[in-house]
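Please find below a colleague's note on the model, arranged as numbered points. It may be read alongside the sequence and the coordinates.

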Amino acid sequence: MTLNPAIDYVIGLPHLELGAVNRLASAVKLPGGKGINVSRILQALDIPTTAWGFNGGATGEYLTNSLHQLGLHTDFAPAAGDTRINVKLKAESETELNAAGPTITDDNVAAFKAKFDALQPGDVVVMAGSIPQGLGDSFYRDLIPLIHQHGADFVIDTTGQALLDTLPEHPLVVKPNHHELAALFDDAEYTDLDEVVERGRRLLEMGAQHVLVSMAGAGALMITKDHAWHGTVPKGEVKNSVGAGDSMLAGFTGTFAQTHEALTSFKTAIACGSATAFSTDLADKEKIDAVLATVSIEAL
């Protein structure tokens with residue numbers, strides 16, 4: 001689910017001169033949004049997915065066509081305005097210009113919620129990314145009863161109080177990084193893995209089914225009621241931080257939906273996140289498989 005998708009217009013030039021005409025060295029248009037990133041990784045894993053969200057106007061048509069060219073299945077609800085375009089400018093430094101996106105009307109919301117009738121037991125709804133104008137901050141949380149009504153699970157990629165508010169509804173997995181985890185409990189930075197595991201278990205007690213904690217170069221943790229594992233991959237050249245977290249979430253969610261094996265899902269999550277970090281765009285299957293062979297897991 002990407003409620004506020006975008007076309008990411010990624011442009012590059014050696015030097016940006018403000019107030020002058022600049023000629024681009026490179027330009028590419030990519031379908032953007034955290035839920036769309038999840039769908040693209042699931043497709044690389046040969047796991048069926050449908051991209052949901054709001055989409056409108058000529059830019060929305062372009063976005064849908066781009067996803068279809070990638071082989072993705074979509075079922076967007078209409079938006080009253082045009083899908084946004086975000087500009088990612090890469091020169092001496094990286095600058096992002098993100099648009100707000102269209103306002104969503106009550107009729108748009110009704111059309112979107114009607115799609116939940118297609119959910120079945122075993123389905124997983126991944127809610128990720130920003131909420132468009134016109135929808136309340138509680139919009140994600142308010143969708144959870146519609147998901148449970150059809151026997152499906154949900155995953156929500158958010159932080160802070162918005163994450164804590166969903167825990168009593170038992171999300172399939174939550175994925176804070178170690179900084180976000182510390183902020184949830186007003187802690188200072190963690191100095192050892194035991195502290196991270198203890199806080200992760202508190203999230204389980206509050207209702208999460210599985211807890212993943214990403215720790216950048218230090219790997220990742222998975223915490224369940226009875227076990228905790230630390231996973232790493234050999235050091236590689238980090239080329240891309242955008243989408244690595246989405247890739248990790250996709251790897252766990254998709255694999256668990258098919259296998260119901262937490263450890264297998266954790267290994268795939270690490271492989272997907274790392275493979276994207278080692279790629280210039282989201283990882284493809286070949287890269288994921290290569291990194292998966294190098295994943296090391298240690299029980300804590």
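1. Basis. The model is predicted, with local features requiring pLDDT of at least 70 and side-chain atom pairs counted only at pLDDT 80 or more, while totals for chains, interfaces and linings use all residues. Residues are numbered from 1 along each chain as its sequence is written, and side-chain values use heavy atoms, with hydrogens and water left out.

2. Salt bridges overall. There are nine salt bridges in the structure, the term meaning a side-chain nitrogen of Lys or Arg within 4 Å of a carboxyl oxygen of Asp or Glu. Helices (DSSP runs of H or I, at least four residues) and strands (E, at least two) are numbered from the N terminus.

3. Asp-281 and Arg-40. These side chains form a salt bridge with an N to O distance of 2.9 Å. Asp-281 is in the loop between helix H9 (262-277) and helix H10 (285-292) and Arg-40 is in helix H1 (residues 34-44), so the pair ties together parts 241 residues apart in sequence. Asp-281 is partly exposed at 28% relative accessible area, whereas Arg-40 is buried at 15% (buried is under 20%, exposed over 50%, partly exposed in between; 1.4 Å probe, protein chains only).

4. Asp-187 and Arg-199. In this salt bridge the closest N and O atoms are 2.5 Å apart. Asp-187 belongs to the loop between helix H6 (178-184) and helix H7 (193-205), and Arg-199 to helix H7, so the pair ties together parts twelve residues apart in sequence. Asp-187 is partly exposed, at 23%, and Arg-199 is buried, at 18%.

5. Lys-285 and Asp-289. Their salt bridge has its closest N and O atoms 3.6 Å apart. Both residues lie in helix H10, four residues apart, about one turn of the helix. Lys-285 is partly exposed at 36% relative accessibility, as is Asp-289 at 37%.

6. Four strands form an open sheet in the order S11-S12-S13-S14, with antiparallel pairing; strands pair if DSSP finds at least two bridges between them. Strand S11 (211-214) and strand S14 (296-299) are the edge strands, each pairing on one side only. Strand S13 (residues 228-232) pairs with S14 over four bridges in the antiparallel sense, and Gly-231 stands opposite Ile-297 in S14.
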